[in-house]
Amino acid sequence: MESIRNILADQFWFSIVLGLVVFGGIQGAVAYAILLERKLSAWTQDRYGPNRVGPYGLLQPIADGLKFFLKEDIIPANVDRALFIFAPWMIFVVALVGFAVIPWGGSFKFGWMSETAKPLVVQVASVDIGLLYIVAVSSLSVYGVVLGGWASNNKYSFYGGLRAAAQMLSYEVPMGMCLMAAILMTGSLRLEEMVDWQARHGWAVMYHPLAALVLFITALAEANRMPFDLAESEQELIGGYHTEYSALKLALFFLAEYSHMITSSAMMICIFFGGYLVPGWTWLNTTTTFGAALARVAVLAFKIFLFICLYMLIRWTIPRFRFDQLMRLAWKGLVPMTMAVVAAQGIVLYMGWSQWVTLPVNVGVLLFGGFVSVAGGKAVTGRQLSMRRVEAIG
Amino acid sequence: MTAKPDWKQTDIVYVDQPELSMTERLYLPQIFGGMKTTLRHMFKKKLRDDMVVQYPEQKRTLRKENYRGVHRLNRDDQGRVACVACFMCETACPAHCIHIEGAPSPWPDREKYPIKFDIDELRCIYCGMCEEACPVDAIELTPEYQLVGHSREEMIFDKEKLLSVFDRTKDEKPRKNPNITGY
């Protein structure tokens, strides 16, 4: 018993235990996120959703998982075998390692730890480049999509992979800009320090609402969610990059997509929405007991839940963008706007002005963007030149 | 030589796409409007309670007179098969799912009767042409739609099975014209 306590009191071993717990927790969360998705989509379409397996269909994820395991795992004859097998694992692993730097619940001490002991951090790896690490890892996931599409030896799959690659490249740019504004403001790349900064100054979304909004949009695009799911648009590409996949490999693609949703919402929450803290709740924000740490984890989990619900509501509200509209939105809309926001943040920092200056700048940039789009002609509606009105002759 | 079109270029009215306003260009107000609709449907439990039929427990009410489900072979008032083996239904069937073998009838009121009458329920497209074609109203479609089996062979309904469908459904849907006997 004593030795277990000593091991848990050491940050290294605690991180390993936490990593295993997070790994298991994420698997469960993903399974139930899929159930939530099915339920929410059913409700928005005036249906009930899965309600046969267990009470209210709560055991449905287990049935689904079993089904995926029992299905025949087909590898088509002419695929690039090595890459075909590698791609789903690649995307799966990449989606999971992103969780390493998410700060789940600040620091705490077990009751048996001495006063002088260093408090434990509820974070698998507390590294200086935390945010950079998440960005790097989450953009790696496109490799899985492209490799899957390429290895399938199927033109539809390949189109899906190509679209995903182009889309990720485009949306990385405004995403990086948004993160840059947040980094400039908080002065740190560590997510836990960003959360602490927000504990002192209030949620960052108050200073940079536009950056938070654009970050949310790019997160949708990065996770290949509606309305940016061109990589797997069923009407055009059958299933997109995972058309040829079956059984466990297909399940891995879905696991990766949903874990990506969870990572990106956790990241957004830590940067712009106060992380695991609740403003004004002193006990939660300052206590260093194990119970308080658990409560902070619960707060973060609840915020992630709200974000995932929002993802799903958006999925059933907005139709898919056409590819040129998608590109136009990224390069002509989001990139210039976020550039202006970053520039404003830089000036505020250099001149030493109040941080509140960025709030009107954010709103102003958004309105100015809308004004330019109205003044700039019809292009934004997606109307093509060939559809211009032809003058009647004779 | 191409025919001269009977329309003039001036007949064509080109309709422009409506211009988008500032709020529409910004996407966001429109998106929030859409989210409102989505949310409204999400929390309207009554709507889905009214619409959804929980199938195995609840069943839809069908119009029994003309629902086209499983076939049946009618019996006449003496309990004999009403069919006179005229092959009209087999001829009319667009899916070629009816196979009849006729034989001289043992009864004085008709010349022939079927010794075999098979319907392949898997080939059938439930168009009801056989019912239309039958001169003695011997073959009819019933409101039964729960048609399952473990094998293809099981789904080929023979004469006895079709007659048993009649016994099962005659109260639910009485024979349309019981007075026709013989031919």
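In which loop of chain B does B:Pro56 lie? B:Pro56 belongs to the loop between helix 3 (45-51) and strand 1 (71-73) of chain B, where helices (H or I, at least four residues) and strands (E, at least two) are DSSP runs numbered from the N terminus. The model is predicted, so that local features need pLDDT of at least 70 and side-chain atom pairs count only at pLDDT 80 or more, while totals for chains, interfaces and linings use all residues. Residues are numbered from 1 along each chain as its sequence is written, and chains are lettered from A and ligands numbered from 1 in the order in which they are written.

B:Pro56 counts as exposed because it has 7 C-beta neighbours inside 10 Å; the scheme calls a residue buried if 20 or more other C-beta atoms lie within 10 Å of its own, exposed if 12 or fewer, and partly exposed in between, with C-beta atoms placed from the backbone. Between B:Pro56 and B:Glu160 there are 28 Å from C-alpha to C-alpha, at a sequence separation of 104 residues.

Chain B also holds an open sheet of three strands in the order 2-3-5, with antiparallel pairing. Strand 2 (98-104) and strand 5 (156-157) of chain B each have a single partner strand and stand at the edges, so one side of each is left without a neighbour in the sheet. Pairing here requires that DSSP finds at least two bridges between two strands. Strand 2 of chain B is joined to the antiparallel strand 3 (residues 112-120) of chain B by seven bridges, and B:Glu101 stands opposite B:Lys116 of strand 3. Two bridges link strand 3 and strand 5 of chain B, again in the antiparallel sense, and B:Asp120 has B:Ile156 of strand 5 as its bridge partner.

In chain A, helix 2 (residues 11-44) and helix 10 (residues 247-272) pack at about 100° with their axes 9 Å apart, the axes being lines fitted to C-alpha atoms, for helices over the stretch in contact, and angles running from 0 to 180 degrees between N-to-C directions. Helix 2 of chain A is therefore roughly perpendicular to helix 10 of chain A, a term for angles of 65 to 115 degrees. Among the residues that make the contact are A:Ile26 and A:Ala33 of helix 2 of chain A and A:Phe254 and A:Tyr258 of helix 10 of chain A, contact meaning that C-beta atoms, placed from the backbone, lie within 7 Å.

Note on methods. Parallel < 35°, antiparallel > 145°, perpendicular 65-115°, else oblique. Contact = placed C-beta atoms within 7 Å.
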